[in-house]
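Reader: Please take me through this model term by term, giving the cut-off behind each label before you draw a conclusion from it.

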Amino acid sequence: MSETIILCKDVNKWFGNFQALKGVDMEVEKGEVIVIFGPSGSGKSTFIRTINRLEEHQQGTIIVDGIELTHDVRNIAAIRSEIGMVFQQFNLFPHLSVLQNITLAPIWVRKWPKEKAEEVARQLLERVGIPEQAEKFPANLSGGQQQRVAIARALAMQPKIMLFDEPTSALDPEMIKEVLDVMVELAKSGMTMLVVTHEMGFARAVADRMFFFDEGLVVESGTPDDIFKNPKEDRTKLFLSQILTH
Amino acid sequence: MSSTEGRLAKNNKPPASLGLLEWIRRNLFNNLINSALTIVSLALLFVIGRAVIVWVFFVADWRPIYSNPLIFMVGQYPREQIWRVGVSLFLVSFLTGVSWGRWRGIMRSFAMLLAGGYVVLTLLPVGGLMGSLTFRLFFIGNVAVIYLGFLLGTRTFVTGAWVLIGWLVSLLAIPVLLRGWGESGAIPIVDTTMWGGLMVTLLLAVGGILLSFPIGVLLALGRKSSLPIIRIFSTAIIEMVRGVPLVTILFMSSIILALFLPPELRIDRLVRALLGMTLFSAAYTAENVRGGLAAVTEGQIEAARAVGLNNFQTTLLIVLPQALRAVIPAIVGQFIALFKDTTLAIIVAINELLNIGKSVLQSDVEYLQLQFEIYIFVAAIFWVFSYLMSFASRRLETALGVGTR
C-alpha cells in the first residue's frame, strides 16, 4: 500500500493577466521519481515552485505530506523544511564556504549543534563525491561541483521530497554526467523526486512517471515507456522528436 | 599523437619578468613623446617636491603648534585631569591589541594602522623638553600597550565574547570617564565646553560612525520592507534628512531641539551635535546599503527560503553580509565624509580641531600671520586619518574577498 505525499488539484496561477498554470492535477506517491518536461514558458518551473511556495498558487489545492499550503506561515515553514530544492543557477551562498553552505540551515532551522551539522555535511559531501572541497568557496568550484554542493545543501535538512528545477541546464556538457550520477543514486535510494529536465536519458533510467507540460497544462502523462514509445498527443510527439533527434 | 602528448607533458614556463632598466625603457622611454613627457614630469615633481621640503623644514614657522600641542589634542580640558584622556586612549589601544591577538587577519591591519597613527603623532613638532618628552613617551607607550594587548589576546582563555564585551563596556565607559561625576572627588565633572581639539573630532567621528551604521542599515531594510508603515516612515526620514544641509541639521539639533524639550531634560551640547551628525550620516549610509541590497539576487533569497530560513534569518545571514560587502567602499567613503564634516560642528560652537586651529591663530598677535602653517597642520592631520580609513577599507575588501567570491 503506497501513500500519497503530494496532492495537487486544479492548481491555477497567474502572473498579472498571464495564466501560467491552468488547472494542474498531480498526485505523487512516496518514493516516486517524476520527470516534468516541456517547452520553455510552459509553466513546469512555476509548477514545482508552487510546491514549496516560492510561487503562490491562486486557485486549487496543494497538500504536501498531509499539510495544506495556505497563507499560514507556520505551514509554509513546516513544508519548506521537508522539501529540498536544487536550482538551475545553483544559488549557493557566495560568502560562505562549502561546509558553511551545507550546515547553515541545519544549525539555524533544525538547531543542531555545529559538530553534528558538520559531521552530516562531510558525509553528504562524500556521498556527492567531493569531500575534499569542504573548505573552499563556491566561486572556486566548477559548475558541476557547485551543483553537487547545492544537492548536498538540500539533503542536509533530511527532506522527504527533493525538487530539481532544470539542474543541468546551466552546466557544460562534460559536467552534466557528474550531477546526473548523483541524482540517479538519490533516486535509487528511494527519495521522492520531482525533476524538471530535458535529460531524457535520466528519465528513461529512473523516472516512474513523466508529465509533459505545454501552455500551463499537463498535456500528457505516463510511464517513460508510454511517453517514449507510444505518445498519444501530437504535441508530445512533436516536442519529443525535436529534443531527441538533435 | 605523440607530439600532442609531448605538449601536454611539457610544463612551459612563463616568460621571465623584466629587469628594472628594461621596464623603464619599455614603459617610460618607448618613444620620443613618452620620453619627453617622462622628463617633463620628473622635472615638475622635482621642483614641487623641493619647494615643499624647503618650505616645511626651513621657511615655515611651526611655533603655534610647537607651543600648543595639548590645545590641539584636547582643547581646554583641564591639565590636571588630562590623565583621563590618556587612560581612555590606553584602553582603546589595549583592546585593539587584544582583538589583533584574538582574531588576527584584518584586526592586525587595524592594530598596525593605529600604531602607525601613534608614530606619526610622536613625530609632531611639539616643544618644551619635559612636555615634548611626556607627549612622545605617551604615544610610544600606546604602541607598547597595543603589543601587550596582542600578547594577552593570543592566550586561549581570552574568548571572542569577552573581547566584544570589553569593547562594549569601554565604549560606554570612556565618555563617562571623560565627563566625570560629582563636583569634587577623584573624577570631577569636566563640562563638554572644555573639551576640544583632535579628541572631540575623533569622538564625534567615531561616535557618529558607530551609531549611524546600525541606524543606516535599519533604515535601508525599512525602506525595502513589505510593511507600508515602516517603509513610509523610513523613506520619509531618509529623504527629509538628505534634502537638508548638514549645517541646518546641526542648527536644529543644537538650538531648536532645546526649545522643544523641557528645561530639566537638557541634553549636552556635544551629544546634540553628535545626534545631528549621526542622523545625517545614517540617511546616506541607508542609501548606500540600499544599493547593496539591490545587488543581492532574487535567487539567493529563494535558496535561503527553500532551505527553511525565516525572513529574519535570511536577512541577517544571507542578504546583509552580501549587501554590506558590496558597498564597503561607498560606506567607508561616507564615513570619511562624516569625519571631515565634523568641522561643521564649529557653527554650534564645538571646539573641534579646525575651530581650535582658529582659536590658536587668534590667541597671539605673532600667530596671526602664521595661518598658513596652522591650517596646513590641521589639514595634514585630517588627511592622515582619512587616508588611514581608506587604507583600512581596502584591506577589509581584500580580507572579505570582494569581487572574488
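Author: Of the 405 residues in chain B, 40% are buried, where buried means under 20% relative accessible area, exposed over 50% and partly exposed in between, with a 1.4 Å probe and protein chains only. This is a predicted model, in which local features need pLDDT of at least 70 and side-chain atom pairs count only at pLDDT 80 or more, while totals for chains, interfaces and linings use all residues. Residues are numbered from 1 along each chain as its sequence is written, chains are lettered from A and ligands numbered from 1 in the order in which they are written, and side-chain values use heavy atoms, with hydrogens and water left out.

Reader: What makes helix 14 of chain B largely enclosed by the rest of the structure?

Author: Helices (H or I, at least four residues) and strands (E, at least two) are DSSP runs, numbered from the N terminus. In helix 14 of chain B, 7 of the 9 residues are buried, so this helix is largely enclosed by the rest of the structure. The buried residues include B:Gln300 and B:Glu302, and their cover, counted by contact (heavy atoms within 4.5 Å), includes helix 1 (44-51) and helix 5 (143-155) of chain A together with helix 15 of chain B.

Reader: How do you know that the span of helix 9 of chain B agrees with its number of residues?

Author: The expected span is 1.5 Å times one less than the number of residues; for the 20 residues of helix 9 (residues 160-179) of chain B that should be 28 Å, and the end C-alpha atoms are 29 Å apart, which agrees.

Reader: Where does helix 9 of chain B bend, and by how much?

Author: A bend is the angle between axes fitted to the seven residues ending at a residue and the seven starting there. In helix 9 of chain B that angle is about 30 degrees at B:Ala173, and B:Pro175 follows within four residues.

Reader: What is called a pocket here, and which element of chain B gives the most to the lining of the second largest pocket?

Author: On a 1 Å grid over the protein atoms alone, a pocket is an open set of points where a 1.4 Å probe fits, with protein on both sides within 12 Å along at least five of seven lines, and lining residues have an atom within 4 Å of a point. The second largest pocket is lined by 20 residues, B:Leu221 and B:Asn311 being among those nearest its centre, and helix 15 of chain B gives the most, with 7 residues.
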